[in-house]
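Subject: Structure handover

Dear colleague,

I am passing on the structure we spoke about, together with some notes on what was found in it.

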Amino acid sequence: MPLLEARDVHGGYGGMNILNGVNMAIEADEIGVIVGPNGAGKSTMLKAVFGLLTVSQGEILLRGEPIHNLPPNKLVQKGMGFIPQEKNVFPSLSVKENLEMGAFLKPQNTRRMLKQVYDFFPPLYDKRHQPAGELSGGQRQMVAMGRALMAEPELLLLDEPTAGLSPLYMNEIFERVKEINAAGVGILMVEQNAKQALAIADKGFVLAAGQNRFTDTGAALLADPEVARSFLGG
Amino acid sequence: MSTQDKRREDLVDTPSRFPVREVVLFAALLVAILGVYAMMGTAYSTRMLVEAACYAILALGLTIQWGYAGQFNAGVMGFVALGGFCAMFFSVPVNDAFWGSELPGELGRVLLYGVAAVLVVIGATRLDRLGVPKRLRTLIAVVLAVVLYLVVISLMREVTGEIQSRAGFVGGLGLPAWTGWIVGGALAGAVGYFIGHICLGLRSDYLAIATLGIAEIIKAFLKNSDWLTRGTATVSPLPWPTPGPAELGFTLARALYLSITAVMIAVIFFLLHRAYHAPWGRMIRAIRDNETSAAAMGKDINRRRLEIFVLGCILMGIGGGALTTFNSLFDPQGYLPLNHTFLVLVMVILGGPGNNLGTIFGAVAVYIIWIMSEPLALFLMQLAVSIGEGAFGWDAPANMDSRALQARVFVIGLLITLVLRFAPKGLLPEKVKHHG
Amino acid sequence: MNELVFFINNVVIAGSVTGSIYAIGAVGVTLVFSIMRFAHFAHADMMTFGAFMVLLLTAAFPGVGAAVGLPTAIVMLPLAMVLTALLAVGIDKAFYKPLRAHGVKPIVMVIGSLGVTLMLQGLIRLFAGTSGQSLYIGERKEIFRLALPFEGVRAPIVITEPQIILFVLTFACVVGLHLFLNRSRLGKAMRAMSDNPDLARASGINTNTIVAVTWVIAGGLAAIAGTLLSLDVTFKPDLSFFLLLPIFAAAIVGGVGHPYGAIAGGFVVGFAETLAVFNWAVLLRPFRDSLPEWLAQAGNLAFVGTEYKIVVPFFILVAILVWRPTGLFKGKVI
């Protein structure tokens, strides 16, 4: 049974459909990457998975259990973590407090998970008493990922984690995503840097106009000349 | 999301349908008015109608602020009081005890000092252009402002004390009442400009707080400036612009007054109708409905907002003048947030914010209920007391009248919350036409 | 020196008293604002409600205070806080929650809170009447006169028992609030929600719980502020709008959504009020002989008469909105 499965998902904002039938499936130890042109509904799909917009048709299953249209806090309880693209930290809370908020539903794990996250992102330990709003973009992304990991999710959703970061940090973030995945967390991520993202992806989903255009393994998509021509800039 | 869906329904609303709702509601209102005439007699009922008409002017002022532009004015009372003050000041006979003495000169001199002090302080704030460091300039300006303020205010206290002890108060100008209404409108507009200029670029909550504050300040000023308004001693009678009850009898005189207010409402209604459908009105609504896109289209949002806010305040000033003149009594303590702010608010949100016809309907209907609820509330209170005494041996509180008033306060509050929840667009909703 | 004592009594002590009351009130307003993003106009009447509950309880059990050694009103305060907190949560469930569920604009919430304030006002005055009543029922307000050990100083520094209680309670509130917001899980979640509501939801924080906690705290603080105000003078059921303006001014001066700012703002507004109504001519009296005659003759050098006290918070409000709308401590939202 796949960890996450989406079948023919339709949905959007205020009666306007942005998703017109998206299908995807990810196994428990896989990295899934959604790529596609602007306005294809990539982030919208991620939000639909996380219950932030109404799914009008189709279904989304987590380990075979339907989860579409559940509120986010229920999904966190079911083992899902979400990292939005913008505003992904609590700016006036300290780094440590940001991480603690990630474990809000499992306070008994806080201490153990804090240690794990600090081990995983050593720079955060040094800055743990600093307000997260004062950190650089890359460090903020670390705080955001750390916050999501605090809840020990089975599936982590990332919305363009490398947007606006310098290439140095970009590589670092991709490395971290791979490491998180190696630790047994399923990943579904939306990325603008399609080539790099597909390179680490087990599954790739190329969306256009709210529908799957290509669905295959990351390597196969990278090798496909048609995908390369239309979506990866030659 | 649900609000957006609703707006979409409105867009396809056909403007040419037969106005069933309007006809039914106004017919019901007419029946209610006739009922009041049958029960309470013509003189009483006509008085009620005149007051309702004055309230309709206030409500029109609020409906353009809240309904057209989404600005919430929580201080209608203050603008009403300003209008009332001007109506009093312009229409009351000239006080010879004041004008015959040297006091007007003294008062004028102090006021001139005040103007001079303001100019000096403004000058001091420009000192940095002469090379004075900015910090020092601010310090000089603040110290000067404080010292000059103290000097002028103590001179003022002297003169006003003198006026009070020797002449009672400054009296009026002996002009027709309508001049006072116009100046009252202008004054209310000026205060509205001041408040709007500060608050309209900020969160809408701030406007509510500031208007609430300015209303209490205006009231405090009018109540405590005995030399200008006789304060709690009140001024009466105020001359009417029409022949008074002494010449024509109550019913006829009031009917004449009613016709004046009716003409005023008709003129305001017509002008507002024109403005609403003119490009100006469309722009206002575009700003209300989608500020960001209106700004992107290059519309000067704050300027339009200020215009509409000031316009609303002017109407409140005029309506307040007409209301006070009709009551023939200027009593600063008689201006209450309940009667002059929240009652108007209920009229607007119940009638239909942004819909002029709905607002007038709301004003008349709510005012009739309001007037009729006073004896009803007293009756219910007495009933409760007699039951309480009989069943529990409860001691009836002495001041039943004021407690009955509190019951009405509660009902107004309940009405506001219920309308917001169950009929947020009022009984006659604004008909938004598609103007893409 | 007598003049200096007069100054201490009328400005330093009086200013701290009003400042404390405004501060506690403003914290409630600012917390509600930071979680629900609207100016809660019913706060002043929640204060009155809290004080009224204390009055009722004190009248019901007048002897309790003597047994503990505190004024009965203070002994009854915790119970009144619970009642006011329940009222606040109930009001939210009945009136604000349905509006929030409709996704209305913040300004509609403001109007809704005005409706609520009228209902509270009506109910309180229906049962309490409109005249002032003392919270000291069958007890005596303890007054302490501290004579100063200087020669020629006849006037003592005067401080009353409720004023001392007020300072202690204000201090306790500030410390308690600080610990709650920075140490407790719910307090941190509250700050998180005020920072970024969407992310708070995405972290699994239950919005409804935080809203309820906010109302409990706001209600409790309102009860404290209202009771302290009534203890210092008398219980007045009709203060509502006169309290709202200084409290909002304090919250805005401190930066809306910023609890410590609200405390500072409360003291700024409280001291500004007392300084503005203080008659400065008193301080000039010792130098009477060396002053020019026109200045020495001035009898009243107060900036505003006490009847115009409400002008002061308004002036502060206008000044802060013109020069620094985010407030002294950089509030979150303008």
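This is a predicted model: local features need pLDDT of at least 70, side-chain atom pairs count only at pLDDT 80 or more; totals for chains, interfaces and linings use all residues.

Strands in chain A

In chain A, strand β1, which covers residues 4-13, runs antiparallel to strand β4, which covers residues 55-62, and six bridges join the two. Within this pairing, Ala6(A) is found opposite Ile60(A) of β4(A). Strand β4(A) is also joined, by two bridges and again in antiparallel fashion, to strand β5 of chain A, residues 65-66, and here Leu61(A) stands opposite Pro66(A). The hairpin that β4(A) and β5(A) form has two residues between its strands, and in this hairpin Arg63(A) adopts a positive phi near 50 degrees.

A helix pair in chain B

In chain B, helix α6 (residues 103-125) packs against helix α7 (residues 134-167) at an angle of about 170 degrees, and the axes of the two helices lie 9 Å apart. Because angles over 145 degrees count as roughly antiparallel, α6(B) is roughly antiparallel to α7(B). When the residues of this contact between α6(B) and α7(B) are sorted by class, 19 are nonpolar, two are polar and four are charged.

One residue in chain B

Asp226(B) belongs to helix α10 of chain B, which spans residues 226-229. Asp226(B) counts as partly exposed because it has 16 C-beta neighbours inside 10 Å. If neighbours within four places in sequence are left aside, the residues in contact with Asp226(B) are Gln164(B), Phe169(B) and Gly231(B).

Where chain C touches chain B

The contact between these two chains involves 46 residues of chain C and 42 residues of chain B. On the side of chain C that touches chain B, the elements that give two or more residues are α4 (72-101), α5 (106-128), α10 (240-254) and α14 (311-323) of chain C. The largest share of that side comes from α5(C), which supplies 17 residues. By class, the residues on the side of chain C that touches chain B comprise 34 nonpolar, ten polar and two charged.

With best wishes

Definitions and conventions: Residues are numbered from 1 along each chain as its sequence is written. Chains are lettered from A and ligands numbered from 1 in the order in which they are written. Two strands pair if DSSP finds at least two bridges between them. Helices (H or I, at least four residues) and strands (E, at least two) are DSSP runs, numbered from the N terminus. Axes are lines fitted to C-alpha atoms, for helices over the stretch in contact, and angles run from 0 to 180 degrees between N-to-C directions. Angles under 35 degrees count as roughly parallel, over 145 as roughly antiparallel, 65 to 115 as roughly perpendicular and the rest as oblique. Ala, Val, Leu, Ile, Met, Phe, Trp, Tyr, Cys and Pro count as nonpolar, Asp, Glu, Lys and Arg as charged, and the others, Gly among them, as polar. Two residues are in contact if their C-beta atoms, placed from the backbone, lie within 7 Å. A residue is buried if 20 or more other C-beta atoms lie within 10 Å of its own, exposed if 12 or fewer, and partly exposed in between; C-beta atoms are placed from the backbone.
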